[in-house]
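Here is a quick tour for anyone opening this structure for the first time. Have a look at it below, then read on.

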Amino acid sequence: MAEYLYKVIVIGDNFVGKSSLLNRYVNNRYVENCKKTIGVDYLLKVIHHDECTLRIQFWDICGQEHTKQLSRSYYKDASACVIVFDLTNKNSFNSIKQWKEEVDNKLGQIPTLILANKFDLIVSPDNPHSSCIDDMDLESLKDSIHATDCYQVSAKTGHQVHKSMKLLGKILLGISKPKPTPPRDVVDPSDTSNANEVTASSSCCN
């Protein structure tokens, strides 16, 4: 069975829940108090699809990195991008354009998903929070930065996390000439000091 390796960068401001979202998708669990990412962490998702296997390596990039020159190794060879913001934090929403410009400047246009995290706080019956945006704001932003799609998600409850990542899997399948998987799962050797790779398997895009 053929195997293909894809790199997906996951970016956005600090404390928007990037690591929690990845843990929900890769491990199907919610981590209440994720440690703040320093530099970059890695998680691996293995998807068995028809007669091939997709190995998606997620690069979870520290939210402070957009305030300085990002290392090109973080972006190099990325096939797609996921930008995360906090539905209760307008500043994190306003930062999306800057993050997308970083990606465009280094990679050109690549498939991009926008994930509006912490949807559970908006719909909570006990302590509801106000959303910093409305649906029209999100759609308008998606169109202006040429994002592929956007979803309101919750790392805590799992709301639409797998649905959004299923679309990501379909996008990656549609990319021509995917990068063959090397003999071993490897990341940039210069960045291994901060690596924290977790593997998991699921059926067709879960």
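Helix α1 (residues 18–27) packs against helix α7 (residues 161–173) at an angle of about 80°, and their axes are 10 Å apart. That makes α1 roughly perpendicular to α7, because angles of 65 to 115 degrees count as such. On the α1 side, the contact is made by L21, R24 and Y25, and on the α7 side by V161, H162 and M165.

Leaving aside neighbours within four places in sequence, R24 is in contact with R29, Y30, A155, K156, T157, G158, V161 and H162. R24 and H162 are 138 residues apart along the chain, yet their C-alpha atoms are separated by 8.6 Å.

## The chain as a whole

Stepping back, you can find seven helices and eight strands in the chain. Of its 206 residues, 51% count as buried. Take the contacts with a separation of 6 or more: residues 24 or more positions apart account for 76% of them.

How far can you trust the picture? The chain averages a pLDDT of 82, and 77% of the residues score at least 70. Over residues 189–206, though, the pLDDT is below 50, and this stretch has 49 contacts in the model beyond near neighbours in sequence. Where pLDDT is low, the predicted coordinates should not be read in detail.

## Helix α6 and its buried side

Which residues of helix α6 (residues 135–144) are buried? They are L138, L141 and K142. These three cover an arc of only 100° around the axis, which puts them on the same side of α6. As background, an α-helix has 3.6 residues a turn, so residues three or four places apart point the same way. The cover over the buried residues of α6 includes the strands β4 (80–86), β5 (112–117) and β6 (149–152), along with the helices α3 (90–94) and α4 (96–107).

The N-terminal end of α6 has a cap, namely D134. One of its side-chain oxygens lies 3.1 Å from the backbone nitrogen of M136. Just after α6 comes H146, with a positive phi of about 60°.

Most residues other than glycine have a negative phi. You'll find H146 in the loop between α6 and β6, where the residue is exposed, with a relative accessible area of 56%.

K118 also has a positive phi without being a glycine, with a value near 75°. This one sits in the loop between β5 and α5 (119–123). Is K118 buried, exposed or partly exposed? Its relative accessible area is 22%, so K118 is partly exposed.

One last stop is T53, which belongs to strand β3 (residues 52–61). T53 is buried, with a relative accessible area of 3%. What does T53 touch, leaving aside its neighbours within four places in sequence? Its contacts are M1, A2, E3 and Y4, together with V46, I47 and H48.

Terms used:
Residues are numbered from 1 along each chain as its sequence is written. Side-chain values use heavy atoms; hydrogens and water are left out. Buried means under 20% relative accessible area, exposed over 50%, partly exposed in between (1.4 Å probe, protein chains only). Helices (H or I, at least four residues) and strands (E, at least two) are DSSP runs, numbered from the N terminus. The arc is that of the directions from the helix axis to the C-beta atoms. Contact means heavy atoms within 4.5 Å. A polar contact is a pair of N or O atoms within 3.5 Å; within protein, one must be able to donate a hydrogen and the other to accept it, and residues adjacent in sequence count only if both atoms are side-chain atoms. pLDDT is the predictor's confidence in each residue, from 0 to 100. Axes are lines fitted to C-alpha atoms, for helices over the stretch in contact, and angles run from 0 to 180 degrees between N-to-C directions. Angles under 35 degrees count as roughly parallel, over 145 as roughly antiparallel, 65 to 115 as roughly perpendicular and the rest as oblique.
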